Amino acid sequence: MILKAILVVFGCLFIGQVIIALTDLPLPPSVIGLVVLFLALQSGLVKLATVEKLAKVLMDYLVLLVIPACISIMQYLDIIRDDLWVLLVGVGVSTVLVLISTAGSYTWLRKLQKSRYQAHQSGVDDV
């Protein structure tokens, strides 16, 4: 079962590579592959049970997958030191913007959900 999941994930990554090669989108192929996997899961083309066990295994070993990225950051410490304030301000501002946009989206979607629920309830009561 895990072999099938690995083939599905690598198939989606391959499709991402092909899409990037054909369209020259300024995105990493892995991001396109994740979108392809998401669409395949949403459409029912791929069943969640197929990739769920692999996802759990990958989450268990996530720390080992992150260590190489952290080590490669250490190669650029001189650049980070030179632009530390720019990086800190950029991270701080983007974090605040993400929090504000997430809260706004949640609030808007919650109001929409409540209004639809109330409209549905009033329609049911009328019948």
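Helices here are DSSP runs of H or I with at least four residues, and strands are E runs of at least two, both numbered from the N terminus. L39 sits in helix α2. The model is predicted, so local features need pLDDT of at least 70 and side-chain atom pairs count only at pLDDT 80 or more, while totals for chains, interfaces and linings use all residues. Residues are numbered from 1 along each chain as its sequence is written, and side-chain values use heavy atoms, with hydrogens and water left out.

**Helix packing**

Helix α1 covers residues 2-23 and helix α2 covers residues 29-43. They pack at about 125°, and their axes lie 7 Å apart. Axes are lines fitted to C-alpha atoms, for helices over the stretch in contact; angles run from 0 to 180 degrees between N-to-C directions. The pair α1 and α2 is therefore oblique. Under 35 degrees would be roughly parallel, over 145 roughly antiparallel, 65 to 115 roughly perpendicular, and the rest is oblique.

Contact means heavy atoms within 4.5 Å. On the α1 side, the contact uses V8, C12, L13, I15, G16, Q17, I19 and I20. On the α2 side, P29, S30, I32, G33, V36 and L37 take part.

**The core**

The largest nonpolar core has eleven residues, among them A5, V8, C12, V36, L37 and L54. Such a core is a set of buried Ala, Val, Leu, Ile, Met, Phe, Trp, Tyr and Cys residues joined through side-chain atoms within 4.5 Å. Helices α1, α2 and α3 (48-60) each supply at least two of its residues. L37 touches V8 and C12, with residues up to four places away in sequence not counted.

**Individual residues**

Buried means under 20% relative accessible area, exposed over 50%, and partly exposed in between (1.4 Å probe, protein chains only).

| Residue | Relative accessibility | Class |
|---|---|---|
| L39 | 52% | exposed |
| T50 | 8% | buried |
| D24 | 66% | exposed |

T50 belongs to helix α3. Beyond its neighbours within four places in sequence, T50 contacts M1, K4, A5 and V8.

D24 lies in the loop between α1 and α2. Its phi is near 55°, a positive value in a residue other than glycine.

How far apart in space are L39 and I71, C-alpha to C-alpha? The distance is 33 Å, and the two are 32 residues apart in sequence.
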